[in-house]
Amino acid sequence: MGIYDNLTATAPLPAKTWPVLLIVDDEAGPRESLRMVFKDRYQCVLAHCGREGLEYARHHQVDAAVLDIRMPDLSGIEVLRELKQIDPHIECVMLTGYETIETARAAVQHGAADYLNKPFDVFAMRDLLAKCMERRRQRVQMEANYEKVRALNEELTHEISNHQRAASANAMSTGVVHELNNPLAIISAYAQMLERDLHALRSGGKVAVEELQDRVGSLSREIERCREVTRRFLRLARTTEQDVETVDVAHLLEDSAALIKAHPANRQATICVTTPETPLSIRGQPGLLLQILLNLGINALQAMQGEGRLEFSASSASIPADCVFRAAALDAAKPHLCIRVADSGPGIAPAILAQIFTPYFTTKTSGNGLGLAIIADLVGRHHGAINVASQVGTGTVFSVYLPVAN
């Protein structure tokens, strides 16, 4: 008789809803006795040896198991150890007619729920397995609940990230409109001059060609300036579902600095960009990479109250071992570059520095404590790392490490 022929569920409830009890014993008497005792409570699966029981557990769910200690192929302790590797939550009860302290200790060390002697007491066995099944049910339910919470947390983080990007874009739009005012005023003035010159030409007057060329050239420069401002803003407003691209780091730094300059939080801050001596590029989503630097830059502006010095720079670098955040998929053996965002603000106290990436931790009265946690999430999506160096009264440097594009 094969092991699958021993599956028994004779109670009126559908068998698939019942917990599965695996009984592994090379003796037919104890094996059949256990099946008769529990056939009306559990799906009883009978195995004649350890290997047969393990083969079943590898392909089917098992909630609890009763294991004989002494069997010809594998001992009950060996079967217990293997079952726990298959599913650490399987509840295992050990049975033997030869109790020793050593076997009891070994069974407990490998996660056995309890240890009973042959012949077993039916009522004690029923109570013990009832407790085992309930413990198993609670653990499975706890894992299911944890998975639901984890999925909800991921969804919430994603939604908050999108919301903050929208909020950043909304706040940035005010600065963009302000930055566009200057070139638009210049364009308007030159347009009036050109209209006057064209009127003079139509009236037979003389207009120097050089002046016309200068004014047309100035118009072109200011129009290009407007295009640059809008291009930077639209890159920020891209959705997170865009395709991964090769991003030029110098352009990324310049775009970030330009948008930070236009941000309402900027009063009189000096914002500098130090581009790499040799061209560097990374693979990623431009909008998300831009958001990382914008969030760090805006945080710095707010810490400096809109004044002081803020510098963006980048260079090739190795990832230090003491990074405060490292992505799970980080491959430190690959070449990386480091983008630094340095400010001359008040700095961060060591006690606070250790918690800044913790979700919902904030020292701001109006903050939600998710800004830096979202930055860590975005860096994680790009398989990178973050390090922070700060000195109270001097300033803070955030270093973002990202893989160099092949």
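## The parallel sheet

Five strands make up an open sheet with parallel pairing, in the order β2-β1-β3-β4-β5. Strands β2 (43-47) and β5 (114-117) are the edge strands, each pairing on one side only. From one strand to the next, the twist averages 20°. Strands here are DSSP runs of E with at least two residues, helices are runs of H or I with at least four, and both are numbered from the N terminus. Two strands pair if DSSP finds at least two bridges between them.

This is a predicted model, in which local features need pLDDT of at least 70, side-chain atom pairs count only at pLDDT 80 or more, and totals for chains, interfaces and linings use all residues. Residues are numbered from 1 along each chain as its sequence is written, and side-chain values use heavy atoms, with hydrogens and water left out.

Strand β4 (residues 91-96) pairs with β5 in the parallel sense over 4 bridges. In this part of the sheet, L95 stands opposite L116 in β5.

## Helices across the sheet

Helix α1 (residues 28-38) lies across β1 (20-24), β2, β3 (64-68) and β4, and runs at about 175° to β2. Helix α3 (residues 76-86) lies across β1, β3 and β4, at about 155° to β3. Angles run from 0 to 180 degrees between N-to-C directions, with axes fitted to C-alpha atoms, for helices over the stretch in contact; contact means heavy atoms within 4.5 Å.

## The cavity lining

The lining of the largest cavity has 7 nonpolar, no polar and no charged residues. Nonpolar covers Ala, Val, Leu, Ile, Met, Phe, Trp, Tyr, Cys and Pro; charged covers Asp, Glu, Lys and Arg; the others, Gly among them, are polar. A cavity is a set of points, on a 1 Å grid over the protein atoms alone, where a 1.4 Å probe fits but cannot get out, and lining residues have an atom within 4 Å of a point. Helix α8 gives the largest share of this lining, 3 residues.
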